[in-house]
Structures are given as structure tokens and as C-alpha cells.
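Here is a short briefing for a first look at this structure.

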Amino acid sequence: MSERLRPADGTMSLAEMKEFAGFSSSTQRYIRRSLDIGLSRTDAMARWSRDVVEAASIKAQARIYCRLDHIRDHVPDDSGLDQMEPFFSPLVTITAFDLGQGRLTSFASYRFLYERLIAGSVRPWLPGAFCAAAALPHLHPEKRRTLLQSISEAAATAPGWSNRSPSFYPEWVDKIEVALPN
């Protein structure tokens, strides 16, 4: 593809920022926390834990996310079933954990997080992993219904996917006091 026809990186980043801004504040918080844990960006316990329940959730998430390196190393190059087995089962397990936390409320928020946790090359596998995990019995039936209805027909039946890496990785931003002129 010629340089002239490729979308500008800034345009893609802006689109990704707008998508992130459309998620609820609790979803945004969970995505940032998950990226801190999954990408080892910071001490997630110190930054995100507000109480003992959240501390326990962060510890459990860190244990589950230990599988991310294995998943990243085994993303299949094609749709061959022989390459799928060592990759897909851990992906569904981590997905089931994240959906069970109740903060990823749609396929869009799930896809946004997992493209960043793993890589753009995981996109073809995300609809299947999401549907498999969203259908598991650990979720309340109404939650299963809501999650499964959130994936569009276009996303579930796409003829192809981009393997472009995301450009926007949301991070924690400290509150800044701004002195306004009198």
C-alpha cells in the first residue's frame, strides 16, 4: 500500500481515544488496570487497590495474566486447527476471568483491551474467544445474554481482520491542580 493511502497514525490514535472515551468510567478504569498488570507497566496493587476486595481481585488477575506470555508466543499465523490448541484454551480462560469481573460489558471493550494486551494479530481469534467465554456457566444468564448480544454480526462474521498494532494505550493520569488567572 502506498504511503499516500495509509491512514495517518494520528488519525488512528484519535479514533482509538474516542472509542475508549465511549466506555463507562468503570470499564475505562478496568482497562487501564488490566494493561498495567498485563504489560507490567506499574505496581497495579499500589495504584488500583482501594480495598481488600479489589486487592484480592488484582492478585487473582495477576495470577491469571501470567498466561499472557504463552498466548503472545502462540498466536497462530493462520486458522489452522493444529496451531489453535495451545493458544485458544488459555485465551478463553483469561477472557472468562475478565468477563466474570463485570467491567467489560461488551465485545467492543473486550476487543479494545485484548488488542493491547496481546497484539493486533489476535483480532481474528477474539470473536470466538469472547463468545466461548461469554457462554460459560460462571456468568449469570442475563449477563451472558447481554455480552453475547453485544457482538455485532459484522464482528462475528468478518471476512478478514487488520493486524495493525493499536497506537493508543490508555494510562493513569494524575490529577493536576490548575491555578486559573484572576
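Helix H1, residues 9-21, has the lowest mean pLDDT among the elements of the protein chain, at 81. H8 has the highest, at 96.

**Confidence**

- Over residues 1-5, the pLDDT falls below 50.
- Where pLDDT is low, the predicted coordinates should not be read in detail.
- The protein chain as a whole averages a pLDDT of 86. At least 70 is the score of 87% of the residues.

**The largest pocket**

- The volume of the largest pocket is about 200 Å³.
- Two elements give two or more residues to the lining of this pocket: helix H2 (25-38) and helix H4 (52-65).
- Which element gives the largest share of the lining of the largest pocket? H2 does, with four residues.
- Residues that line the largest pocket include Ser26, Arg29, Tyr30 and Arg33. Also among them are Arg50, Val53, Glu54 and Ser57. Gln101 and Arg103 line the largest pocket too.
- By type, the lining of the largest pocket has five charged, three polar and two nonpolar residues.

**The second largest pocket**

- The second largest pocket has about 160 Å³ of volume.
- Helix H7 (107-117) and helix H8 (126-134) are the elements that give two or more residues to the lining of the second largest pocket.
- H7 supplies the largest share of that lining, three residues.
- Among the lining residues of the second largest pocket are Phe107, Arg111 and Glu115. Arg123, Leu126, Pro127 and Ala155 also line the second largest pocket. So do Trp161, Ser162 and Arg164.
- The lining of the second largest pocket divides into five nonpolar, four charged and one polar residue.

**Ser109 in helix H7**

- Ser109 sits in helix H7, the element with the largest share of the lining of the second largest pocket.
- Is Ser109 buried or exposed? Ser109 has a relative accessible area of 1%. Buried means under 20%, so Ser109 is buried.
- Which residues is Ser109 in contact with, leaving aside its neighbours within four places in sequence? They are Phe23, Thr27, Ile31 and Leu104.

How values were computed. Residues are numbered from 1 along each chain as its sequence is written. This is a predicted model: local features need pLDDT of at least 70, side-chain atom pairs count only at pLDDT 80 or more; totals for chains, interfaces and linings use all residues. Side-chain values use heavy atoms; hydrogens and water are left out. On a 1 Å grid over the protein atoms alone, a cavity is a set of points where a 1.4 Å probe fits but cannot get out, and a pocket is an open set with protein on both sides within 12 Å along at least five of seven lines; lining residues have an atom within 4 Å of a point. Grid points are joined across faces, edges and corners, and a volume is the space filled by probe spheres set on the points. Ala, Val, Leu, Ile, Met, Phe, Trp, Tyr, Cys and Pro count as nonpolar, Asp, Glu, Lys and Arg as charged, and the others, Gly among them, as polar. Buried means under 20% relative accessible area, exposed over 50%, partly exposed in between (1.4 Å probe, protein chains only). Contact means heavy atoms within 4.5 Å. pLDDT is the predictor's confidence in each residue, from 0 to 100.
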